Amino acid sequence: MDLIHPLVQRYSRDFSSPEDELLKEIGEYTLQHHAEYEMLSGHLQGKLLEMISRMIRPQRILEIGTFTGYSALCLAKGLTVDGQLHTIELRENDATTAKDFFSRSSFAGQIILHTGNALDIIPFLNESWDLVFIDADKVSYIEYFKIVLPQVRQNGFILADNIFFHGEVFEERVKGKNAKAIQTFNEYIRERNDIDKMIITLRDGLYLIRKL
């Protein structure tokens with residue numbers, strides 16, 4: 001399901017700043033070598049992540065779901081000089097790919113890559129987060145949110161990706177494990193009164209959440 005009209009998508013891309021060479025290489029590599037290429041944030045979403053990070057100027061960023069490293073490098077562009085980005089990837093092959101790309105970037109010393117289950121890793125990081133990006137297994141979104149929110153500073157931000165889940169949440173009867181999990185997450189976020197939130201209608205939908 002095309003959620004964004006192709007003409008709108010192309011126009012938006014043409015009138016936005018281009019990807020840098022390393023991001024472009026990650027995109028091309030992922031397209032050629034990864035069966036789940038569509039999981040990549042890509043040009044426009046990556047630029048949005050970069051812009052938000054540059055506006056916030058975070059000292060600590062947490063990313064849940066590294067994939068091949070594209071989004072982490074976009075987010076890292078807004079880090080303070082002494083800032084760090086912790087990113088967690090469950091799959092070792094993807095973590096190895098991302099690590100190689102990170103090592104070639106100017107943020108190699110600021111990105112800390114963890115391999116394993118995020119729910120096991122996050123409690124031991126002992127950080128206060130300025131910005132969190134959730135983009136991992138959909139059935140755990142509520143658990144990720146619950147575990148990170150206490151560690152997010154007041155007025156810190158959480159971004160959750162794929163909240164339209166390819167348009168499946170718009171169906172009269174939501175089907176499938178992942179689509180149902182995303183719909184439940186969206187309803188859960190809507191009902192909370194300790195956060196400020198809005199949906200960004202870019203790509204597959206992003207929930208932008210501010211801790212009050």
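Strand 6 (195-200) and strand 7 (206-211) run antiparallel and are joined by six bridges. Helices (H or I, at least four residues) and strands (E, at least two) are DSSP runs, numbered from the N terminus. Two strands count as paired if DSSP finds at least two bridges between them. K197 has I209 of strand 7 as its bridge partner. The two strands form a hairpin with five residues between them. In its turn, R203 has a positive phi of about 55°. The model is predicted: local features need pLDDT of at least 70, side-chain atom pairs count only at pLDDT 80 or more, and totals for chains, interfaces and linings use all residues. Residues are numbered from 1 along each chain as its sequence is written, and side-chain values use heavy atoms, with hydrogens and water left out.

Strand 7 also pairs with strand 5, in the antiparallel sense, over five bridges. Here L159 stands opposite L208 of strand 7. Strand 7 is mostly covered, with five of its six residues buried. Buried means under 20% relative accessible area, exposed over 50%, and partly exposed in between (1.4 Å probe, protein chains only).

These strands belong to an open sheet of seven, in the order 3-2-1-4-5-7-6, with mixed pairing. Strand 3 (111-115) and strand 6 are the edge strands, and each pairs on one side only. Neighbouring strands are turned by 15° against each other on average, direction ignored. Axes are lines fitted to C-alpha atoms, for helices over the stretch in contact, and angles run from 0 to 180 degrees between N-to-C directions. Strand 1 (residues 60-64) and strand 2 (residues 84-89) pair in the parallel sense over five bridges. E63 has T87 of strand 2 as its bridge partner.

H86 is also found in strand 2. H86 is buried, with a relative accessible area of 6%. Leaving aside neighbours within four places in sequence, its contacts (heavy atoms within 4.5 Å) are I61, L62, E63, I112, H114, L125, E127 and W129.

Helix 7 (residues 141-148) packs on the sheet and touches strand 1, strand 4 (129-134), strand 5 (152-161), strand 6 and strand 7. The direction of helix 7 makes about 165° with that of strand 5. Two packed helices are described by the angle between their axes and the distance between the axes. For helix 7 and helix 8 (residues 177-191), the axes come within 9 Å and cross at roughly 35°. Helix 7 contributes Y141, I142, F145 and K146 to the contact, and helix 8 contributes I182, T184, F185, Y188 and I189.

Helix 8 has 15 residues and reaches 21 Å from its first C-alpha to its last. This is close to the expected 21 Å, a span defined as 1.5 Å times one less than the number of residues. Its buried residues are A179, A181, I182, F185, N186 and I189.

Most residues other than glycine have a negative phi. R57, not a glycine, has a positive phi of about 55°. R57 lies in the loop between helix 3 (42-56) and strand 1. At 42% relative accessibility, R57 is partly exposed. F67 has a positive phi of about 55° and is not a glycine. F67 sits in the loop between strand 1 and helix 4 (70-76). F67 is buried, with a relative accessible area of 7%.
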